[in-house]
Amino acid sequence: MTRAQQVRIIAWWEFNRFVKWRQQFIGIAVMLGLSAMIGGVTKLITGARGKQVEVAVVGAATLGFPLPDVDGVTWLPERYGDAEALRAAVAADSVGGGLIIAADGGGEVLVRRKSAWTTRVAPAFTLAHQAAAFGQLPLSAEQRRALEAPFAVRITALGTGGGASAGSSRLYANILLGIGLVVLFNGFASLFVGITGEKQQRITEQMLSMVSPQSWIDGKILGLAAAAVVGTVMMVATALVAFLMLPRIFGGSVPTLPPPPTELGLLAMIALVTLLGTAMWFAFMAAIAATIDDPNSSPRGAMLMIPVLPTTLAFVLVSRAESTVAQVLAIFPLTSMAVLPVRLLSTAVPWWEPALAIALLAASVWAFRRAAGKIFAAGVLLYGKEPTLAETLRWAREA
Amino acid sequence: MASSSAFLDVARVHKRFARVHAVADISLAVAPGEIFALLGPNGAGKSTLLRMLVGITRPDEGRIQWPTMPGGQLPGVQLGYLPEDRGLYQDMPLIAVLTYFGSLRGLAPRDAQQAGERWLDRLELLPRAKDKVGSLSKGNQQKVQFAAAVLHRPRCAILDEPFSGLDPLNQELFLGLVRDLRAEGTTVILSAHQMSLVERLADRVFVMQHGREVLAGTMPEIRERWGTGVRLILTVDGTAAGVGSQTEALAAIAAHPAVVGVSRGEDAAVVIALARGQHVGDLMALCASRLSIVSVRTEQPSLHDVYIDVVGTAAPATPAEAA
């Protein structure tokens, strides 16, 4: 039996251990159910907002423009003859509220108790007043259109350096980073259970009599990374379904996503960087997990959060993708998985930058994988104690 | 045994850990198709030696060779290993675990599954093939573990403490399973503490203490070389006439040249250890004249007796070994 065959068998086994299809689909159903519930509750709340409050108005004729629409308010302009009668009615709770318009402009809202609709009155009247004032200016229709038209800016990328693909680039960069973060989080859980659990269940010696530590760790990295990717894809697909379908069910407006970047080369490069970066961090986390004796008490569990740092850093750099810091971090192997896609989607990147980043990342994957194999080989047979940091680093150097 | 005909040849192997010389200058040879038992007290170095045979660790000095195999190395697919420190994937079905282990030992997935089902049938666990391992009792898990170690019909099975934790019925079952392995041509190397089982099972034994060999050979060889000879067990009537002088009688018997020791056994028995190669006619006459004998029987020294005798009196470890 070849090493590659063993790695394939182990990867498939680990994948099947951690991808429980039945539970995945139950999870999706629960997620969709919860989303539907939230949608229903939101609709109920929206319906509740439609319950109108009757507000009597005194002095509406002095406004010079019609009473504007205010969400949740029905105006009653003729019910009371003067301000005193209106105050008495509000105090007696005969009407939901009152509005007294002053002759010199401005107004006074009367309520018996604090009400949410009162905060919406001033903005609505301000807009209505501005529109009325604008309408009284001696402007032609053409002048009005010119004043109302927004200033148009069109972005054109010239040359071969790539650059911003569309206005949607930042959105998609954020989505990619978010997905990367979820893959890593999914990976934490499965690697932690998949390696420390095996030590706890005393399976290691049996396994090591069949396969080399390197084959075992390679299979685990592949299988558990694939499981994390599948878990993430299911999660993202569910979120997408909820995002697009629920508004149709509950009658809201269906949100639309801007078209994604269509350059195939760009997408392939991002996919490659994501793949290599995921492999590198999974090798790193596997090595850490192999040094943990008891997952319930080991402080080393916190080290599994290290791969999250570059991703969070990349979120900050989304709006500063042209900076020198971003360029350096896009090449540095520990951060390139997170930062390079952001730069590729957001700004012009010279051709050598992704080439160098991918080469360094590939070298790091090989080095991390070898180190993980060595650390795993030595650490996985240590029961009842954890190797010191010095021992761990020595094993890694021997790789 | 001559190394040239050996299936396994271990020559002057040492293994040291931080402050412990776990295996010290061990040499042994295992013939093809035999059951070879490693014995010794806890910490004697048996599991360390077995781990080196399996390839999990390497000797610091010395050589481990499988002379009949290409390159002197035993491929992993020809090896079955039941570790002392054992466990299974608790959250997976029995048949899935067996199929997985069989596949890693070189069987095609379908063959591994069929072999797993045959073993489960043999162990009367086939109806539970799809149950999770964690739902089985400890004894049944051990049966599955045994099956996982040997379902690929290895050339050599290395079994570290296969009988530990088993009730007497399951010990008998495992005894039969190990014999079946040998009958199928598998060489078996095992370690155990159950002397009576080893005595019934092993072709040869190898006793270690403090990492060193203290005795080795077949059972007859061990009795011949290390045993105290045949024991004569006399049941005597303590209430009969002349009982008052029994102590004197035992002293007189102990002074006989054919006797190496006399002790009182259970149920009014007198145990007389006989020297090798001595005639006992006049000794019997002496016993008959001084004791009221109810019954007479002889007993070969058991492996347990030899073990206690040899291991109990073996030289203490050096400071490095004892650490």
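A salt bridge is a side-chain nitrogen of Lys or Arg within 4 Å of a carboxyl oxygen of Asp or Glu. The side chains of B:Asp60 and B:Lys15 meet this rule, with N and O 3.7 Å apart. The model is a predicted one. The pair links distant parts of chain B, 45 residues apart. B:Asp60 sits in the loop between helix 1 and strand 4 (61-65), while B:Lys15 belongs to strand 1 (residues 8-16). B:Asp60 is partly exposed, at a relative accessible area of 40%. B:Lys15 is buried, at 10%.

Over all chains, a search of the whole structure finds 22 salt bridges. Between chain B and chain A the count is 2. Side chains of opposite charge can pair when their charged atoms come close.

One of the bridges between the chains joins A:Glu205 and B:Arg51, with N to O at 2.7 Å. B:Arg51 lies in helix 1 of chain B, and A:Glu205 in helix 7 (residues 204-208) of chain A. B:Arg51 is partly exposed, with a relative accessible area of 22%.

A:Arg17 and B:Asp91 form a salt bridge as well, their closest N and O atoms being 4.0 Å apart. This pair joins two chains, because A:Arg17 lies in helix 1 (residues 3-18) of chain A and B:Asp91 in the loop between strand 5 and helix 2 of chain B. A:Arg17 is buried, with a relative accessible area of 6%. B:Asp91 counts as partly exposed, at 28% relative accessibility. Both residues belong to a network of salt bridges with shared partners, which also takes in A:Glu14 and A:Lys220.

The interface was next considered as a whole. The size of an interface is often given as the accessible area lost when the parts come together. Chain B and chain A bury about 2200 Å² between them. Carbon and sulfur atoms carry 60% of this area. Three residues, B:Tyr89, B:Tyr100 and B:Leu104, supply 31% of the area that chain B buries against chain A, more than any other three residues. The contact takes 27 residues from chain B and 22 residues from chain A. Across this interface, 3 residue pairs are in polar contact, both residues at pLDDT 80 or more.

Which elements of chain B each supply at least two residues of the side that touches chain A? They are helix 1 (46-54), strand 5 (79-82), helix 2 (94-104) and helix 4 (138-150). Helix 2 gives the most, with 6 residues. By residue class, the side of chain B that touches chain A divides into 17 nonpolar, 5 polar and 5 charged residues.

Aromatic rings also take part in pairs. The count comes to 15 aromatic pairs over all chains. A pair of aromatic rings is described by the distance of the centres and the angle of the planes. The rings of B:Phe7 and B:Trp66 have centres 5.5 Å apart and planes at 75 degrees, so this pair is edge-to-face. B:Phe7 lies in the segment before strand 1 of chain B, and B:Trp66 in the loop between strand 4 and strand 5, so the pair ties together parts that are 59 residues apart in sequence. Both residues are buried. Elsewhere, ring pairs link A:Trp13, B:Tyr89, B:Tyr100 and B:Phe101 into a cluster. B:Tyr89 and B:Tyr100 of this cluster are also among the three residues that supply 31% of the area that chain B buries against chain A.

A buried threonine was examined within chain B. B:Thr186 lies in the loop between helix 5 (168-183) and strand 7 (187-191). Its relative accessible area is 3%. The side chain of B:Thr186 reaches the backbone oxygen of B:Pro154 at 2.9 Å. Neighbours within four places in sequence aside, B:Thr186 is in contact with B:Gly33, B:Pro154, B:Arg155, B:Cys156, B:Ala157 and B:Leu181.

Chain A was described by its overall content. Its secondary structure comes to 14 helices and 4 strands. Of the 399 residues in chain A, 41% are buried. Among contacts in chain A with a separation of 6 or more, 69% are between residues 24 or more positions apart.

Terms used
Residues numbered from 1 in each chain as written. Chains lettered and ligands numbered in written order. Predicted model: local features only at pLDDT ≥ 70, side-chain atom pairs only at ≥ 80, totals over all residues. Heavy atoms only, no water. Contact = heavy atoms within 4.5 Å. Buried area = accessible area lost by both parts, 1.4 Å probe. Polar contact = N/O pair within 3.5 Å; in protein donor to acceptor, adjacent residues only side chain to side chain. Nonpolar A, V, L, I, M, F, W, Y, C, P; charged D, E, K, R; others polar. Buried < 20%, exposed > 50% of the residue type's maximum accessible area, 1.4 Å probe, protein only. Phe/Tyr/Trp six-rings, centres within 6.5 Å; stacked < 30°, edge-to-face > 60°.
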